[in-house]
Amino acid sequence: MWSTPQTVWPEQDSILASKDIAPKEASGQNHRGVQHHAWSRDFCEGQYSVRPVLGSQLLPYAELEPFCLILQVSSSTGPPTPFFVSAKVGPVVQGDQIGKEGALQIATRWDVGEWVWGIESAPLRRMAQASPIGTVGFRFEIWRHGQLSRRWLGCTTPAAIPSGTFKVSMGGVQLSVAAHRGLRAEVAMRQEGAHVTDGGAASATDAVSSAASLEYEAMQAAAEGRWGAVTALLRELRPAVAENSSQGLAEQDSSGRTLLRLCVDGQHRDRIAALQALEGGILTAVLGSRRPYLWTLQLMAVCGRSGTFIGETRVAVPRSAGVFCGRPWTVPSKTTVPWQDLIWSDSQHCQGELQSVASDTRLIQLSSDSVTLCLRPAAPGEDVLLGGSSFRNPHGFALVSASGSVAGRPALGIFDFQASARLAVELEKHGPQEAAALAVACDADPRALAEDGLSPFTAALLGDDPCNLLASVRPPLRIRLRRGDSEAWVSLARSADGAGHADLVAAPLCRGIALPDEMAKALLDFCFRADLPLLAARALGRVNGEKYLLDAAERAEDPHWLRVTETITQQIHPDRPLRLEEGIVEYVLNQIRLHRSQFKLVLAAYLTGCAQTDIRDPPAVLFDGGAECPICFDTLCWGAPVCLVDGKCAVCPHFLCTGCARGCEAAASSSGASLRCPECRRSASRVAPLPSLVEDPLGWFDCLAMPNGRMRRETFQRAVAATLPVDADELGMALDSQQLLKTPLSTEVTAAEFFSGGLYAWLLRHEAEHRLSTGMGVPPPIELREDWFRHWDLSKSGRLSRRDLTRAVLRTLRVSSINFDRVKELRHCVDRLWERHAAMRRNVGGHCSSQDISCTEFLQENGLGEMLEDEFGAEFTAAAAVAVATSTRRPRQDRQRLDRRTVVAQVADRLTSAALAPLQNHAARPGRFRGSGIPAQVLLPQPSGLSLPSVSEDSQDEAEDLDRSPSPESSVYSDSQVVHL
């Protein structure tokens with residue numbers, strides 16, 4: 001009744017026979033004719049030749065991942081009857097057993113057909129930690145289900161998870177058995193009739209993405225030239241792609257190259273030596289017998305030519321005497337030790353050599369300081385010794401076992417099965433051709449562009465075609481393309497093979513081949529859709545990317561996209577400034593406040609366009625205004641206005657000069673009182689200068705804004721009056737008249753309205769003009785025409801434009817730009833004189849420049865200088881007198897402390913001299929004024945609000961007494977006797 005269990009070890013994988021891409025026949029040479037190590041030939045062609053390694057066998061176990069077991073009856077001697085199956089999954093331990101720790105077990109009825117039992121999130125890593133050889137295995141027992149009882153057919157020895165399809169015969173029944181994990185398990189469990197459980201894990205959503213991990217490992221293997229591993233991983237991935245459960249190969253490396261592109265480029269590289277597959281592997285050995293302890297060696301790097309290696313060793317001892325147990329497979333973490341029954345030492349650096357044994361090509365000798373080990377392959381089903389314990393190899397490939405001595409003690413050990421699988425798969429001698437063909441079968445995109453401007457298709461055009469990608473391209477055309485024929489590239493790009501593919505544009509563009517601009521624009525659009533910043537930077541060398549500025553700024557956390565953003569901002573021409581809608585400006589400002597500094601580039605480019613002066617705009621001229629310091633009454637616009645702040649925002653719309661602000665802060669600090677505004681008495685934490693409108697325009701606005709992010713109109717007017725020589729009330733009237741802005745200004749202003757509504761542009765132009773006028777000095781009279789011309793030639797080019805001339809007239813007559821009617825009248829007058837002078841020059845010379853005028857043309861008889869003098873001479877003279885009268889309002893640092901009587905005498909003398917000197921010059925040249933001979937009182941109109949003081953006898957006597965009095969430096973004066981000039 002009870003039959004002895006029979007086990008047939010795995011045969012050749014039947015799945016391989018169904019593949020369209022078969023591995024290359026084993027030989028002693030690789031794809032470039034390089035001879036492999038002698039050990040590899042015996043490994044492939046001798047008695048240890050096994051079925052190909054599965055891709056999932058190259059990956060370490062994950063914390064949670066899917067697993068499935070598949071059984072199917074291949075042949076049976078009796079009639080088809082149901083079966084009863086009991087399966088157990090867990091760690092592989094000594095004695096061909098499945099350990100109890102973390103094991104899973106199922107018993108169920110199996111009707112005729114395929115039986116699939118799966119777990120969505122199996123804790124395979126936890127199971128592997130309980131195995132001395134770090135392997136999760138399975139075994140099952142089968143009974144034939146009769147009408148009255150069950151008849152036991154047999155059981156299997158443990159087989160590793162995963163394992164390829166193999167045959168098992170027991171009780172006259174031949175079964176086909178397979179165990180899968182990861183992606184293949186996901187595909188199998190989606191079949192109809194599959195029994196799927198959650199495995200008792202916390203959540204199935206914590207399981208790893210099998211397809212993503214396979215593709216990532218394939219990318220890493222291709223970059224290192226491990227084509228055997230690439231082939232195995234792609235075979236593992238192909239069923240999911242065929243079922244449309246995976247999106248195909250879309251993973252890219254840091255340069256944007258896909259797996260297919262790496263395969264195409266890999267034809268020109270030597271494949272790695274077989275023993276380099278052991279890099280990263282861990283050799284675990286048990287030393288001694290009476291009191292055994294554990295010794296591990298991790299190979300960090302292996303040289304393929306010399307066989308030398310560097311690594312790290314560790315030693316572990318049991319906490320108590322007895323039978324050695326635990327999972328000694330992976331070197332423990334530096335922070336946590338997963339095995340409580342072992343005590344690990346610190347890692348030590350070691351260096352050694354791997355050499356072949358002359359007497360037996362199957363053996364490799366590993367030698368280092370006090371270490372001599374012999375490495376040999378252990379075929380599937382062969383016993384492997386780990387100290388005093390014996391394990392049968394449960395995998396479908398040979399494991400690398402080790403025997404010898406370490407520090408004079410006998411050692412028996414084994415490499416981790418992932419390293420053995422990597423070695424076995426590299427010995428199959430696959431090359432980039434097989435990997436490229438499998439990548440195409442896995443729906444790899446041959447037109448996927450990389451950052452260097454090449455796709456697998458164009459790389460094959462310029463090099464070798466590994467998998468018939470260029471079947472549709474004629475050989476003569478390929479020759480022309482390799483020669484750099486631009487017409488050939490354009491014709492191919494516009495053909496049916498190139499329509500809609502940007503790679504045929506990127507390849508010649510990156511090599512300096514001339515192409516139409518519309519193709520370059522299409523390439524730039526593709527770069528933004530495909531996230532290729534380096535290629536986009538190259539395309540920007542041919543086309544303007546202003547419309548992609550915001551899109552590039554959104555991605556500028558990446559340094560490469562930041563470079564693209566900077567390139568686009570540099571393309572913005574002053575003649576074509578960047579224009580943004582108010583909503584977009586508000587979005588940019590919000591992003592800057594969220595500390596996304598790349599949007600400062602967008603704001604700077606936009607504000608640069610706002611600062612561009614329109615030729616139709618009048619010059620930014622302001623006079624006779626500006627807020628004063630409430631303590632010392634200095635005009636704030638001549639220095640740096642200071643505000644009282646709490647945090648980063650001003651507490652009130654009042655400003656102080658720098659000296660008074662420091663004095664207030666020092667007085668509050670010394671007295672222990674709170675710092676308060678001298679006008680509104682609001683409390684503040686400190687004083688701070690108002691941010692620069694040029695260097696930090698957003699900081700200027702935020703400093704004056706309310707907590708809701710808006711700025712009151714009153715605050716804006718006061719801040720402008722503290723920055724520029726303009727009266728706040730006059731500025732408010734100009735805003736109300738809607739002549740300064742096209743739309744009326746509300747009581748509260750947002751940052752977007754401030755920057756896009758015209759306020760910032762107006763303020764910036766006038767601030768720049770104010771800084772320019774500060775260092776210009778007093779202009780000479782119009783009678784000194786050459787000096788007058790040089791003074792107003794701000795560009796120092798020797799020529800005056802119509803705008804420069806308008807500025808000179810407005811500044812000389814002291815007309816502010818907010819006096820719109822007067823500005824319009826003077827501009828009309830200047831335009832009339834300019835056109836009249838241009839007509840005269842055309843009559844004399846036949847042609848003239850309408851943009852500017854030279855100094856010679858300005859000084860010639862009946863020239864523009866003489867016309868200005870005839871038109872504005874009297875007004876210029878009167879304005880000069882006003883300028884002298886108001887010149888006493890200078891910054892405090894330029895003033896002198898003088899006696900009040902001295903001030904009165906000096907002002908009277910300067911006003912009289914300024915008023916009489918022009919009249920004396922004109923009296924010497926009669927006929928210059930239209931009213932020649934008219935008394936000076938008529939020729940010199942009195943400005944409103946200004947009367948020239950007469951120098952009386954009393955004032956002269958006071959001046960004489962002042963001359964006899966001691967100097968201010970040698971006398972002490974009271975505050976009532978001292979004034980500021």
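**Close-up views of a predicted protein model**

Cys-677 is buried, at a relative accessible area of 1%.

**View 1. Cys-677 and the cysteines of the predicted model.** The structure shown is a predicted model. Cys-677 takes part in no disulfide. The nearest cysteine sulfur belongs to Cys-652 and is 3.6 Å away. A disulfide needs two cysteine sulfur atoms within 2.5 Å, and by this rule the count is 0 disulfides. Cys-637 also counts as buried, with a relative accessibility of 5%.

**View 2. The chain as a whole and the confidence along it.** The protein chain has 981 residues, and buried residues make up 49% of them. Its secondary structure comprises 33 helices and 33 strands. Of the contacts between residues at least 6 apart in sequence, 68% join residues at least 24 apart. The chain exposes about 46400 Å², of which carbon and sulfur atoms supply 50%. The average pLDDT is 77, and 78% of the residues score at least 70. Helix α16 (residues 549-554) has the highest confidence, at a mean of 94, and helix α1 (residues 14-17) the lowest, at 28. Residues 1-49 have a pLDDT below 50, although the model gives this stretch 123 contacts beyond near neighbours in sequence. A further stretch, residues 201-208, stays under 50 and has 14 contacts beyond four places in sequence. Where pLDDT is low, the predicted coordinates should not be read in detail.

**View 3. The largest nonpolar core, seen around Phe-716.** This core has 189 residues. Phe-716 is among those with the most contacts inside the core, as are Phe-138, Leu-523, Trp-700, Phe-754 and Phe-755. Helix α6 (residues 227-242) gives the largest share, 9 residues. A second, separate core has 29 residues, including Leu-800, Cys-829, Trp-834 and Met-867.

**View 4. Helix α25, residues 759-774.** At 1.5 Å a residue, the 16 residues of this helix should span 22 Å; the end C-alpha atoms are 22 Å apart, so the two values agree. Of these residues, 12 are buried, so α25 is largely enclosed by the rest of the structure.

**View 5. His-791 in helix α26.** Helix α26 covers residues 785-792 and contains His-791. The relative accessibility of His-791 is 14%, so this histidine counts as buried; the cut-off is under 20%. Not counting residues up to four places away in sequence, His-791 touches Met-776, Gly-777, Val-778, Pro-779 and Pro-780.

**View 6. Ser-455 and its surroundings.** Ser-455 sits in the loop between α9 and α10 (456-462). It is buried, with a relative accessible area of 0%. Arg-261 is 194 residues away from Ser-455 along the chain, yet their C-alpha atoms are separated by 6.6 Å. Ser-455 touches Arg-261 and Asp-503, and also Pro-446, Arg-447, Ala-448 and Leu-449, leaving out residues up to four places away in sequence.

View 7. Most residues other than glycine have a negative phi, and most peptide bonds are trans. The bond joining Ile-161 and Pro-162 is a cis peptide bond, with omega about 5°. Pro-162 is placed in the loop between β8 (159-160) and β9 (163-170). Lys-429 is not a glycine but has a positive phi of about 60°. This lysine lies in the loop between α8 (417-426) and α9 (432-441) and is buried, with a relative accessible area of 3%. Arg-814, also a residue other than glycine, has a positive phi near 55°. Arg-814 lies in the loop between α27 (802-812) and α28 (820-845). With a relative accessible area of 22%, Arg-814 is partly exposed.

Conventions: Residues numbered from 1 in each chain as written. Predicted model: local features only at pLDDT ≥ 70, side-chain atom pairs only at ≥ 80, totals over all residues. Heavy atoms only, no water. pLDDT = per-residue confidence, 0-100. Helix = DSSP H or I, 4+ residues; strand = E, 2+ residues; numbered from the N terminus. Contact = heavy atoms within 4.5 Å. Buried < 20%, exposed > 50% of the residue type's maximum accessible area, 1.4 Å probe, protein only. Areas by Shrake-Rupley, 256 points an atom, 1.4 Å probe, with all protein chains shown as cover. Expected span 1.5 Å × (residues − 1). Core = buried A, V, L, I, M, F, W, Y, C linked by side-chain atoms within 4.5 Å.
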